[in-house]
Amino acid sequence: MSTPAPALPVRGGDTEGVQVAAREFGRRTRLPGWFGILWHNRKCRAGLVLLGLFILVAVFAPLLAPYDPRATDYPTSLGPTGAHWLGTTAQGEDVFSQLVVGARTSLTVGLAAGLLSTLIGLVIGLTAGYLQGWVDEVLSFLINLGLVVPALPLMITLAAYAPVRGLWLIIAVISVTGWAYGARIKRSQIITLRTRDYITAARFAGDGTARIIAREIVPNMTSLIVVSFMGAALAAIGGEAGLAFLGLGDPLTVSWGTMLNQASLGGAMLTGQWAWLIAPGLALALLITSFTLINFGIDALSNPNLREDR
């Protein structure tokens, strides 16, 4: 019973131009039409290609890394050479191998923590906005509490005093501290959707609350949920890098944050090892940029005015 959004004029071209191009793209490639809309957005296309490269590097990291990232069998504090493209660390580890393996850690944390934060925010936001009453008051208090408490100090405190260290601890800490903003947005959106005519018709048809939320409301919030996930993944990637840079990450895990921490402790700036310092920071910037560029295409899915005709 969900009502599709009406087609709106497309910026810079024919009203049906992008829709026709997306259908043609789907017919040729057998991919869904929404992917065609994303691919036709030039910024989103660049972000998809960039993110795809990072995913390929993360998946095939063991094959792409020329050395064991934890091996200390090489000369220490080397600059870039033919054998070690980005030099070596103060402990004799290959920087390029650590950079390649670190992509897997950053993507794992970003996707896992982003998904958990989005799910927590979605459940709490939908429940508060749809049920309202005392349930909404209790959950809104928790949301406001989560928004008021500073996330970074809370993350640092939880990570510092946790009895165990590990990658999943970092994912849990980031998820627990990053759901409130998404929950507030989803609660506001569902409050506007719950009074729509098709929701009222579903109630009169005898549909239960769970069915209405799953079949009528969530599909109309898809773009918002995806945008929320992208934002949560970005925050998770930055949060993991920040905690690792402060020395609160898993010391046995190779990540871009731990590389920055080791470069700082190893005096990379004093010894002129700029590649050791710049490479993980540049990789983080490019990964975050890829998510940001993809957001332009996701916005175009929900707002046809933002779609490009070529």
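## The cavity

About 40 Å³ of space lies in the largest cavity, and the structure holds 1 cavity of 30 Å³ or more. A cavity here is a set of points, on a 1 Å grid over the protein atoms alone, where a 1.4 Å probe fits but cannot get out; lining residues have an atom within 4 Å of a point. Grid points are joined across faces, edges and corners, and the volume is the space filled by probe spheres set on the points. This is a predicted model, in which local features need pLDDT of at least 70 and side-chain atom pairs count only at pLDDT 80 or more, while totals for chains, interfaces and linings use all residues. Residues are numbered from 1 along each chain as its sequence is written, and side-chain values use heavy atoms, with hydrogens and water left out.

The largest cavity is lined by Leu167, Ile170, Glu240, Ala244, Gly249, Asp250, Thr253, Ser255 and Thr258. Helices α8 (167–177) and α12 are the elements that give two or more residues to this lining; helices are DSSP runs of H or I with at least four residues, strands are runs of E with at least two, and both are numbered from the N terminus. By class, the lining has 3 nonpolar, 4 polar and 2 charged residues. In this count Ala, Val, Leu, Ile, Met, Phe, Trp, Tyr, Cys and Pro are nonpolar, Asp, Glu, Lys and Arg are charged, and the others, Gly among them, are polar.

Thr105 is found in helix α5. Thr105 is buried, with a relative accessible area of 7%; buried means under 20%, exposed over 50%, and partly exposed in between (1.4 Å probe, protein chains only). Leaving aside neighbours within four places in sequence, Thr105 is in contact (heavy atoms within 4.5 Å) with Leu167, Glu240, Thr253, Val254 and Ser255.

Helix α13 is largely enclosed by the rest of the structure, because 8 of its 10 residues are buried. Among the buried residues of α13 are Trp256, Thr258, Met259 and Leu260. Gly267, with a positive phi near 70°, follows α13.

## Nonpolar cores

The largest nonpolar core has 34 residues, and those with the most contacts inside it are Leu86, Leu99, Trp256, Leu287 and Phe291. Such a core is a set of buried Ala, Val, Leu, Ile, Met, Phe, Trp, Tyr and Cys residues joined through side-chain atoms within 4.5 Å. Two or more residues each come from α3 (42–59), α5 (95–131), α12 (222–245), α13 (256–265) and α15 (274–302). The largest share, 9 residues, is from α15.

Apart from neighbours within four places in sequence, Leu287 is in contact with Leu51, Phe54, Ser106, Leu107, Ile237 and Trp256. A second, separate core of 15 residues includes Val109, Met155, Leu169 and Val173.

## Annotated spans

An unreviewed UniProt entry gives the annotation "transmembrane region" to residues 46–65, 109–131, 138–161, 167–185, 224–248 and 274–298. In residues 138–161 the end C-alpha atoms lie 29 Å apart, and the span is 92% helix and 0% strand. For residues 167–185 the end C-alpha atoms lie 28 Å apart, with 89% helix and 0% strand.

## Positive phi in two loops

Most residues other than glycine have a negative phi. Ser77 is not a glycine, yet has a positive phi of about 55°. Ser77 lies in the loop between α4 (61–64) and α5 and is partly exposed, at 33% relative accessibility.

Gln132, also not a glycine, has a positive phi of about 55°. The loop between α5 and α6 (133–148) holds Gln132, which is partly exposed at 28% relative accessibility.

Note on methods:
UniProt positions renumbered as here; feature names shortened; annotations may be inferred. 1 Å grid on protein atoms, 1.4 Å probe; cavity = no way out; pocket = protein on both sides within 12 Å on 5 of 7 lines; lining within 4 Å.
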